[in-house]
Each structure stands twice: as structure tokens, then as C-alpha cells.
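Thanks for coming, everyone. Let me put the model up, and then we'll go through it.

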Amino acid sequence: MDRNMSETLVRTGPGTAMGNLMRRYWVPVLLTGEIADPDCPPVRVQILGEKLLAFRDSEGNPAVIDEFCSHRGVSLYFGRNEENGIRCAYHGLKFDRDGNCVDVPSAPQACKHMGITAYPCIERAGIVWAYMGPKDRQPAPPDLEWCNLPASHVFVSKRLQESNYLQAMEGGIDTSHVSYVHRYEVDEDPMHQGTKALDYIKADGNVIFEIEKTQFGLTLFGRRNGEPDSYYWRVTQWLFPWYTLIPPFGGHSLAGHVWVPIDDNNCWAWSINFRPDRPLNEQELTDLEAGKGIHCEYEPGTFRPRANKDNDYLIDRQAQKDKRAYSGVFGFAMQDASLQESMGPIQDHSKEKLLPTDRAIVMARRMLYEAATALLPDSDPPAIDADQQRVRAAGALLPRDQKPQEWAAIHLVDGKGQPIYSI
């Protein structure tokens, strides 16, 4: 990848081409439980390089505003959340959830000039989302399947990843690595164990991809040998600009990710498990809350993983030698994150030598770059129509002469009305 494309893709702050593109979509900001109650303590959040403050007002409405007071630049984190607004602790200026200044005790007439940035908010799937783009281009709320299920059907977590969003998201697009880095743990993980798909994945590391460019992003068809008369196809979805949907295993839940830049060197890795057909049961919730599957354990009181770069991700060389962990790191999330963070905060793309299995990554990069550089103030970016998000990932055994694209066009588009396809 040339330097200009690389720089465009990895820079997401205010005024950058990629930052302008991402601000056109609803952005996951924080868990609703982080601002659980009206007039709760405010929470600092940083998204797309902007330092923001999240809170819930006296009527229970979520809010995301500029962290800093317009008067002297004091952090409103130290302010008082009271009576439908945040009051700065320095000189008493007060701001409502729309960023309006509603009180300047020393100069009431100055209120109309003292407003701060605020972003519209909605709540979906236990997440507070904000729209950070131009007011007149605000899209419909996200309509991914997991966004609209009852709370009992969905489990959502987030973790800090200390790398640029792009290399993290590309790990979600690249499903060929499953045959390697995860191969010794999948048999024991409660979200994967006991499924025939694992046999196919471990037996055939030479995955062959067919990739379909779609209105919403990319559909990846990963082919492995199945039975003598069939292929095992893993159908993964990448949705513009930062969603991935993961094929389910057997009777286990479906899953997905969202990769959201904090700044250019860090991102939030959101992980979702969901059941369209029923609530998650007690055992599933226990396992997910314990950090199994695509989730992780945290350092106490934070969203930073317990296994992190400061402790070499708790690597166990004996487990690596004993074939209990392929890289010596345990946990799917940290197996991926350890390798992606090892590239450095921002990968040096000029040194990479890509392989045929990286074709989807190349296509996603090109699509993001073209969308970012072509975006105009009065135009819409790709996949802004929420109707295009109604797709599903799947696993299927198909006859060797059947085209997976034809099968997917029938069974996965508008996936909400279909059975769950898994092996």
C-alpha cells in the first residue's frame, strides 16, 4: 500500500478524509451501563480523536458533549450533573445535553454565545451511539440484526486495543488465521466446542476465498474441504465502515465486532454475541461474562484486557509447546490483539508482502480510501441506508458444484427472516 493511501486510512481525527467519512455514520461511544442513572457521574470518552464527555441528564436522556467548558477550557468532568445539565465547577456555567449554555451566573446575557459541541445520541443493544457528522446528513439509526433484538438476546462488551483501528479491523476481515492462531483453543471454548466446523477448519488450512463486493461492503466466502462431495463455506460479512459479522458454530450464538477509533493509535474493539431465536441462557451469559469466546478479562476497574502488552499477554511457552495455545496466548480476543498490537500502534504498510488470502483486506482498503477521498459535503457515503445492514453470516456445507454466491443471495440477504445456518 502506498504511503498516501496508508496515511489517509489510518488518520481519523477532525478534518481528515477518513475522519469525515466515519463521522457520517452512527458511532458506538460507550456502554449504556457506564451512564446508568439520571444525573450520574459523567464519563470521559475519546472518539475519532475528540475528547468528549458522556452523561445522562435528569430525565434519563444520554448526552455526548465536548469535554471542555467554553469559558476557560476547564474539563467538565469535574462539573456537577444536575437539573438537566452539566455545571462547570470553575465559574458555574451550565450546559444542557444539546450543548446549549443555559446559565452564566456572572453574565446571563452571554449564554447564547457560550455553547459547546454536542452530538445527537441514541441507544441500541446496550450501547450509546452518537452521530458526529453534519446535522443535515444524519442517517437512520443502525439496523444490524443485533441492534434491534431484546436485551435478553444480546451480550455486548468492549475492550481497549492499543493499535490503529485498521489493523484491528483487518484481523476481523481475515478469517484465514482461524486455522492457525485459534486452532488449539477452539475445542475447549464454550462458544465453539462440539461442532463439525472445527474439524474442517483444522484439517484444511489452505482456505480459498471468493469475495463479492456488495452495497454494504464485502461478503467473504471462505472455502475449505468438507465431506467428499461437499465444501465447507464460512460466509463472513464486512459492513461499511467498521462492522464484521462472524459465522456461527453449530448451535452456538451468532457474533460480530465493531472497530471504532479512539485516536490514531488506539481503538475500541466492540464484541457482540446474540441469539435471534431465543434469550441467551444462564450458562451462555456466565461464559460470556467470564471473557470466553470473543470477549476478555479486564484489569480491575478498566476496559483494558488483563493480558496486555505490559505483561506480554501472559504468554505461556509451555502451553505453546504442549499445543494448548498456538501462540502461547490464551483467549481468542487476546490471541488476535497480541499479534495486531505487535505490529506497532500504526503498522508500517510499506514493509508488508501480501498473499492471495489478503485479497479481501486489499479490497476493503481500496473501498474505504475511495469513499473517503470522494466524499463531498452534499453527498452520501456508501452503505448509509440502514436497510443494507440486514445481512447475516453463516456456515454451510454445499455440494462442490454449487456457487456459494447463489446460495447466499437466497439465504443470507435480509437474514432476519431466515433460519440460522451453521455447521
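Start here: is arginine 80 buried or exposed? Arginine 80 is exposed, because its relative accessible area is 52%. Buried means under 20% relative accessible area, exposed over 50%, and partly exposed in between, with a 1.4 Å probe and protein chains only.

A word on the source. This is a predicted model: local features need pLDDT of at least 70, side-chain atom pairs count only at pLDDT 80 or more, and totals for chains, interfaces and linings use all residues. Residues are numbered from 1 along each chain as its sequence is written, and side-chain values use heavy atoms, with hydrogens and water left out.

Now salt bridges. The structure holds 27 of them. The criterion is a side-chain nitrogen of Lys or Arg within 4 Å of a carboxyl oxygen of Asp or Glu.

Take glutamate 123 and arginine 56. Their side chains meet in a salt bridge at 3.1 Å, N to O. Glutamate 123 sits in strand S10 and arginine 56 in strand S3, 67 residues apart. Strands are DSSP runs of E, at least two residues; helices are runs of H or I, at least four; both are numbered from the N terminus. Arginine 56 is buried at 6%. Glutamate 123 is partly exposed at 33%.

Next, lysine 309 and glutamate 162. Their closest N and O atoms are 3.5 Å apart. Lysine 309 is partly exposed, at 43%. Glutamate 162 is buried, at 15%. Shared partners join Glu162, Glu299, Arg304, Lys309 and Asp310 into one salt-bridge network.
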